[in-house]
Amino acid sequence: MKTLKRIAIVNAVIVVVIALSAFIWVGSAQEKKVEQPVDGKGFAVLELFTSEGCSSCPPAEELLTKIEKESNGKPVYVLGYHVDYFDNLGWKDVFGSPENTKRQKKYSAWLNAQVYTPQLVINGAQEFIGSNESDVRNAINKQLLNTQHKASLAFNTKRDGEVLTINYEAKDTQASDDLLFALIQKSGSTDVQRGENAGLKLSHIQIVRKTLTMSLKDAKSGTVVLNIPRGSGAEKWEVIGMVQHKTTGAISAVNASTTF
């Protein structure tokens, strides 16, 4: 009898262990499922402020290059803004512009943040060091799960030589929203001769060459024109458009053209 009781107790313990194991496995599976992007309007706009004169910037640009390749087909949009405030430190960034610096200073005011490189802003709402891979990836995953965006943006582009015509329509926007179009050079490289990165050949992606901003208060559809820089040769281009609140900087809609 004692033997039979022992066998019964052992069998009962085995059943409980199996049941607990099954419960733990199901719980883990559910957690993984939650981590997957939800169908909706979640997106991640990554705006990196960088400079060829900054020795800390190449790792951030390398990370963004990797993320862009991994994100093919996902709503992840990468923009590289080359600023000009390093130009007096030995090397003038060939892609730098005061307009890009001005945009970074806007984010400084919106987010109550310092101006530095490499600075990464995601969806106009959060900033951190652009080479911090864990922060960047966590922020992307969080934004892809966000289904709170109500606004939408659609546009098409037509190129005629160096003139690019954009027809756009925005929906469910606010009177305090702006519409920004960025002309993107898909890639470029520079042999840096002086400054902190002297002797390096730097490769860049998603280089912002021009931006155009307008208010959506009165007109939510229309046509605008951007001029492609002269002498650009065989470079490939893209246009990224975004709806952005002019007071907070938060981005509520984004879209991109096909490469041309």
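Contacts (heavy atoms within 4.5 Å) between residues 24 or more positions apart make up 68% of the contacts in the chain with a separation of 6 or more. The model is predicted, so local features are reported at pLDDT of at least 70 and side-chain atom pairs at pLDDT 80 or more, whereas totals for chains, interfaces and linings use all residues. Residues are numbered from 1 along each chain as its sequence is written, and side-chain values use heavy atoms, with hydrogens and water left out.

The chain holds four helices and eleven strands; helices (H or I, at least four residues) and strands (E, at least two) are DSSP runs, numbered from the N terminus. Of its 260 residues, 42% count as buried. Buried denotes a relative accessible area under 20%, exposed over 50%, and partly exposed in between, with a 1.4 Å probe and protein chains only.

Strand β1 (residues 44-50) is mostly covered, with seven of its seven residues buried. In a regular strand the side chains alternate between the two faces of the sheet. In β1, A44, L46, L48 and T50 point one way and V45, E47 and F49 the other way, and all are buried. β1 runs parallel to strand β2 (residues 76-82), to which seven bridges join it; strands are taken to pair if DSSP finds at least two bridges between them. Within this pairing, L48 has G80 of β2 as its bridge partner.

A further sheet is open and consists of three strands in the order β5-β6-β9, with antiparallel pairing. Its edges are β5 (152-160) and β9 (221-227); each has a single partner strand, so one side of each is left without a neighbour in the sheet. Neighbouring strands of this sheet are turned by 20° against each other on average, direction ignored. Axes are lines fitted to C-alpha atoms, for helices over the stretch in contact, and angles run from 0 to 180 degrees between N-to-C directions. Nine bridges in the antiparallel sense link β5 with strand β6 (residues 163-171), and V163 in β6 is the bridge partner of D160.

Helix α2 (residues 57-70) and helix α4 (residues 133-144) have axes that come within 11 Å and cross at roughly 35°. The crossing of α2 past α4 is right-handed: a crossing is right-handed if the near helix is turned clockwise from the far one by less than a right angle, and left-handed if anticlockwise. On α2 the contact involves L63, K66, I67 and E70, and on α4 it involves E133, V136, R137 and I140.

Two side-chain polar contacts were examined. A polar contact is a pair of N or O atoms within 3.5 Å; within protein, one must be able to donate a hydrogen and the other to accept it, and residues adjacent in sequence count only if both atoms are side-chain atoms. T101, in helix α3 (residues 98-111), is buried at a relative accessible area of 5%. The side chains of T101 and D84 are joined by a polar contact of 2.6 Å. These residues are 17 apart along the chain, and their C-alpha atoms are separated by 6.4 Å. Beyond its neighbours within four places in sequence, T101 is in contact with V83, D84 and Y85.

K186 belongs to strand β7 (residues 177-191), and its side chain makes a polar contact of 2.7 Å with the side chain of Q206. Residues up to four places away in sequence not counted, K186 touches E68, H204, I205, Q206, K236, W237, E238 and T259.

Backbone geometry was also considered. Most residues other than glycine have a negative phi, and most peptide bonds are trans. The loop between α3 and β3 (119-122) contains P118, and the peptide bond from T117 to P118 is cis, with omega near -5°. N112 also has its place in the loop between α3 and β3; its phi is positive, near 50°, and N112 is exposed at a relative accessible area of 73%. D172, in the loop between β6 and β7, has a positive phi near 55° and counts as exposed at 57% relative accessibility.
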